[in-house]
Amino acid sequence: MAYDNNSFGARQMVDVSAMGLKCAGCGAAITELPFQPTSDRPVYCRDCNRNRKQSDRPAMGGADRGAPRPMVDVAAMGLKCASCGADVTELPFQPSSDRPVYCRDCNRNRRQGRSF
Ligand SMILES: [Zn+2]
Ligand SMILES: [Zn+2]
């Protein structure tokens, strides 16, 4: 197959219109693919491919790397750590008034070992 580099450097599409392929997602006819299809793998039309790629990622943008949990700003509530008495300004959950809250250090200590 000829292979010309002049076209935008975009990825090369394989013309599969003669193969009569159908999208495994929506059933649309597929005329080209970014790769040579093999008969034992389903192929998807451009739209379905894009949807599938997007759904690989978590639906919510932004919250990634390390701490996916949003912190709740509780600085206005004047909460104190039930263990060491430090001011608690943010929590990984919405606090309820009948449960003790802990500062970050104490939370970590409590989680690491139940030494007390
Ligand atoms: Zn499709
Ligand atoms: Zn504490």
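Helices (H or I, at least four residues) and strands (E, at least two) are DSSP runs, numbered from the N terminus. By this definition, the chain has two helices and eight strands. Read from the N terminus on, its elements follow the order β-β-β-β-α-β-β-β-β-α.

The structure is a predicted model, in which local features need pLDDT of at least 70 and side-chain atom pairs count only at pLDDT 80 or more, while totals for chains, interfaces and linings use all residues. Residues are numbered from 1 along each chain as its sequence is written, and chains are lettered from A and ligands numbered from 1 in the order in which they are written.

**Burial and contacts in the chain**

A residue is termed buried if 20 or more other C-beta atoms lie within 10 Å of its own, exposed if 12 or fewer do, and partly exposed in between, with C-beta atoms placed from the backbone. Of the 116 residues of the chain, 7% count as buried. Two residues are in contact if their C-beta atoms, placed from the backbone, lie within 7 Å. Among contacts between residues at least 6 apart in sequence, 2% join residues at least 24 apart.

Valine 16 lies in the loop between β1 (14–15) and β2 (21–22). Valine 16 counts as partly exposed because it has 17 C-beta neighbours inside 10 Å. Leaving aside neighbours within four places in sequence, the contacts of valine 16 are Leu21, Ile30, Thr31, Glu32, Leu33 and Pro37.

Alanine 29 belongs to strand β3 (residues 29–30). Is alanine 29 buried or exposed, and why? Alanine 29 is exposed, because 11 other C-beta atoms lie within 10 Å.

**Alanine 75 and lysine 80**

The loop between β5 (72–73) and β6 holds alanine 75. This residue, alanine 75, has 10 C-beta neighbours inside 10 Å and therefore counts as exposed.

Lysine 80 lies in strand β6 (residues 79–80). With 15 C-beta neighbours inside 10 Å, lysine 80 counts as partly exposed. Beyond its neighbours within four places in sequence, lysine 80 is in contact with Gly85, Ala86, Asp87 and Val88.

**Pairs of residues**

The table lists C-alpha to C-alpha separations.

| Pair | Separation in sequence | C-alpha to C-alpha distance |
|---|---|---|
| Valine 16 and glutamate 32 | 16 residues | 5.0 Å |
| Alanine 29 and tyrosine 44 | 15 residues | 9.3 Å |
| Alanine 75 and valine 88 | 13 residues | 6.7 Å |
| Lysine 80 and proline 100 | 20 residues | 8.7 Å |

Glutamate 32, listed with valine 16 in the table, is also one of the residues in contact with valine 16.
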